Amino acid sequence: MVGALVMTGEYSSGTIRTTFAARPRRSTVLAAKAVLVAGVMYVLALASCTLAYLVGDALLPEGRYARGEPLPALFGIAGSFAVAAVLGLAVGTLVRHSAGAVTTVIGLLLLPSLFGPLFGDAERWIAGLSPTAALEKLFEAGDRCAQKQLSIRS
């Protein structure tokens, strides 16, 4: 949503005309916006996921739950937030309306996972089209690492 609102905010206020008048090459403007949005979202997501991990680790009883390796998952989750923000920016550029862009991005992220079970054998392929599929794989990998560590300790 952040990426969509960054772009559609300029269209709704009319400042996009000034931006493109100052820098007529649209590809340069869009690339700069994409880098900025992705960088800000990556840093914010990494900080918030790290904080959530530390709080969760402090609240859970020691030794009862196995902890996986947090760094690959934390970096991957932050990366998926950055990719989703750039996707929102692209949709906002195409749609040029805040509500339509946000609705389209949410649909692109969630609909393949929601409607995948309706297609029987093709469920795995259709659900894999969703950008959230990579995020689900990161959680599964973290769970597998934790399961292996728990079985080794037992």
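Predicted model: local features only at pLDDT ≥ 70, side-chain atom pairs only at ≥ 80, totals over all residues.
1. Overall make-up. The chain contains 7 helices and 0 strands, and, read from the N terminus, its elements follow the order α-α-α-α-α-α-α. Of the 154 residues in the chain, 28% are buried. The accessible surface of the chain amounts to about 10,100 Å², and carbon and sulfur atoms account for 69% of that area.

2. Contacts along the sequence. When contacts between residues at least 6 apart in sequence are considered, 63% of them join residues at least 24 apart.

3. Helices H1 and H2. Two packed helices are described by the angle between their axes and the distance between the axes. For H1 and helix H2, the latter spanning residues 15-22, the angle is about 100 degrees and the axes lie 5 Å apart. Angles of 65 to 115 degrees count as roughly perpendicular, and H1 and H2 are therefore described as roughly perpendicular to each other. On the H1 side the contact is made by Met 7, Glu 10, Tyr 11 and Ser 13, while H2 contributes Thr 15, Ile 16, Thr 19 and Phe 20. By residue class, this contact of H1 with H2 divides into 4 nonpolar, 3 polar and 1 charged.

4. Helices H1 and H3. Helix H1 (residues 2-13) also packs with helix H3 (residues 26-59), here at an angle of about 140 degrees and with the axes 10 Å apart. H1 and H3 are therefore oblique to each other, and their crossing is right-handed. The H1 residues in this contact are Val 2, Gly 3, Val 6, Met 7 and Glu 10, and those of H3 are Leu 30, Lys 33, Val 37 and Met 41. The residues of the contact of H1 with H3 comprise 6 nonpolar, 1 polar and 2 charged.

5. Helices H4 and H5. The axes of helix H4 (residues 70-95) and helix H5 (residues 98-115) come within 9 Å and cross at roughly 135 degrees, and the two helices are therefore oblique to each other. The crossing of H4 and H5 is right-handed. In H4, the residues Leu 87, Gly 88, Val 91, Gly 92 and Val 95 meet Gly 100, Ala 101, Thr 104, Val 105, Leu 108 and Leu 109 of H5. This contact of H4 with H5 is made up of 7 nonpolar and 4 polar residues, with no charged residue among them.

6. Thr 19. This residue sits in helix H2 and is partly exposed, its relative accessible area being 24%. Leaving aside residues up to four places away in sequence, Thr 19 touches Glu 10 and Val 29. Thr 19 and Val 29 are 10 residues apart in sequence, and their C-alpha atoms are 8.0 Å apart in space.

7. Arg 96. The loop between H4 and H5 is where Arg 96 is found. Although Arg 96 is not a glycine, it has a positive phi of about 65 degrees, a backbone value that a colleague may wish to inspect in the structure above. Arg 96 is partly exposed, with a relative accessible area of 47%.

Methods
Residues numbered from 1 in each chain as written. Heavy atoms only, no water. Axes fitted to C-alpha atoms, helices over the stretch in contact; angles between N-to-C directions. Helix = DSSP H or I, 4+ residues; strand = E, 2+ residues; numbered from the N terminus. Parallel < 35°, antiparallel > 145°, perpendicular 65-115°, else oblique. Left-handed = near helix turned anticlockwise from the far one by under 90°. Contact = heavy atoms within 4.5 Å. Nonpolar A, V, L, I, M, F, W, Y, C, P; charged D, E, K, R; others polar. Buried < 20%, exposed > 50% of the residue type's maximum accessible area, 1.4 Å probe, protein only. Areas by Shrake-Rupley, 256 points an atom, 1.4 Å probe, with all protein chains shown as cover.
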